[in-house]
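Have a look at the structure first, then read on.

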Amino acid sequence: MCVAAGDSPAGGCRELLREIGNRLPDRSTTTIKFKSRWRVARDHTFNSMVRFGILGFGLHAVKRLMPGFALAQNCRVTGLSRRTLDKARDSARQYNIPLAFDSAEELCRSPEVDAVFVTTPNACHLADVLLALHCGKPVLCEKPMGIHAGECRTMVEAARSAKLLLGVAQVFRFEESTARVRHHVAAGQIGKVIFARSEFSFPGSAGHPRAWIHDPAVAGGGPIADVGVHCVDALRYVLQDEVVRVSARGQHDLGSGAVESAAVLTLEFSRGTLGTVAVSFRAEYRTPLELVGETGVLRADDALNVERPITLELRRAGSVVETDQISNRMAYARQVDAFAAAVEGKSRFPVPGEEGWQNQEILDAAYRSMLSGKTEDVVQVR
């Protein structure tokens, strides 16, 4: 991991970023060397599964990623890193993972790791992604991709230069619920979409295991950055449209410190849909999704959750005319299997780095709007 025990995540990642810039050799030469070593290792392994190393093995890896990998068909975890070697070894034993590291670079350079999944705190993403790319490894980076859009641009350009795959873990694009909503919208079953609403709340007060989510230097913001990015991406995905302007209002409380504790965003899409995103660290867990069209309504309570069954309703003239019973249980497995297939050249990963960059441009515009009190334009990634 990019942080030594006892150090702040933001400071540790900035130090690593400086080291990368100062001491690493020419990226093109290194990329060729590591690509070749990866191919040799894959040719002689006892099976064809893509081998992931999880950089920054923590709560998210335990709660979401490892259950997903257990259901995956085309990949497995062969290495992990944590702040201390003792903790890394404990986690490796618990999940039957062969390799444990307290060094991000050692994990990235391991010949037993084909792809790196970056799950460190947000402020570490830039340094960790650049390190993995330098080591010749394809990278799947957790959301939000960076602290601001400039970091995302740097990562995307580095991946392009190295000719390596860079993906963003916007897992809701791999859910059955969002796939069904996207299909209904594209098929015209609710007509032109007038309003689109996505919410995400959870109790994130003091004592939450991810204590850093209240530190703007590490998290980049409060619930807008943490879960608002999920809502924004889900709406972009189901509407197949882009956000061109954003206005946002947030509130703070004694427990949220310098970041917002709750916020509401209004998104103006290029084809006229008005979107709303409501996020909070104070309300109970909820992830409703609703789209209102000229001829119908699609809605589901907890539409984005991966633990409980979901009922998707299609309404017309105030009555439910169709219901779908849906499970998102396979979302995390589908995400890593899709990335593994892209690593092997079998298909294109549907959430490349550019998508994470575009989401960050929207988040940046939302934070600008909170400061200015005005509607802000969204930069479009080309």
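Two strands count as paired if DSSP finds at least two bridges between them. Helices (H or I, at least four residues) and strands (E, at least two) are DSSP runs, numbered from the N terminus. This is a predicted model, so to speak of local features takes pLDDT of at least 70 and side-chain atom pairs count only at pLDDT 80 or more, while totals for chains, interfaces and linings use all residues. Residues are numbered from 1 along each chain as its sequence is written, and side-chain values use heavy atoms, with hydrogens and water left out.

**Antiparallel strands**

- E12 (residues 297-300) pairs with E13 (residues 310-316) in the antiparallel sense, over three bridges.
- In that pairing, arginine 299 sits opposite glutamate 313 in E13.
- E11 (residues 289-293) also runs antiparallel to E12, this time over four bridges, with leucine 289 opposite alanine 300.
- A hairpin of three residues links E11 to E12.

**The parallel sheet**

- Six strands make an open sheet with parallel pairing, in the order E3-E2-E1-E4-E5-E6.
- E3 (99-101) and E6 (166-169) are the edge strands; each has a single partner, so one side of each has no neighbour in the sheet.
- On average, neighbouring strands here are turned by 25° against each other, direction ignored.
- E2 (residues 75-81) and E3 pair in parallel over three bridges, and leucine 80 has alanine 100 in E3 as its bridge partner.
- Helix H11 (residues 331-343) packs on this sheet, touching E1, E2, E4, E5 and E6, and its direction makes about 120° with that of E1. Contact here means heavy atoms within 4.5 Å.

**Helices H7 and H12**

- H7 (residues 149-162) packs against H12 (residues 353-372) at about 170°, with the axes 8 Å apart. The axes are lines fitted to C-alpha atoms, for helices over the stretch in contact, and angles run from 0 to 180 degrees between N-to-C directions.
- That angle makes H7 roughly antiparallel to H12 (the label applies over 145 degrees).
- Among the residues that meet are Ala149, Val156 and Arg160 in H7, and Trp357, Gln360 and Asp364 in H12.
- The contact residues split into four nonpolar, three polar and five charged, with Gly counted as polar and Asp, Glu, Lys and Arg as charged.

**Salt bridges**

- There are 30 salt bridges, each a side-chain nitrogen of Lys or Arg within 4 Å of a carboxyl oxygen of Asp or Glu.
- One of them joins glutamate 354 to arginine 160, with the closest N and O atoms 3.0 Å apart.
- Glutamate 354 is in H12 and arginine 160 in H7, so this pair ties together parts 194 residues apart in sequence.

Note on methods:
Parallel < 35°, antiparallel > 145°, perpendicular 65-115°, else oblique.
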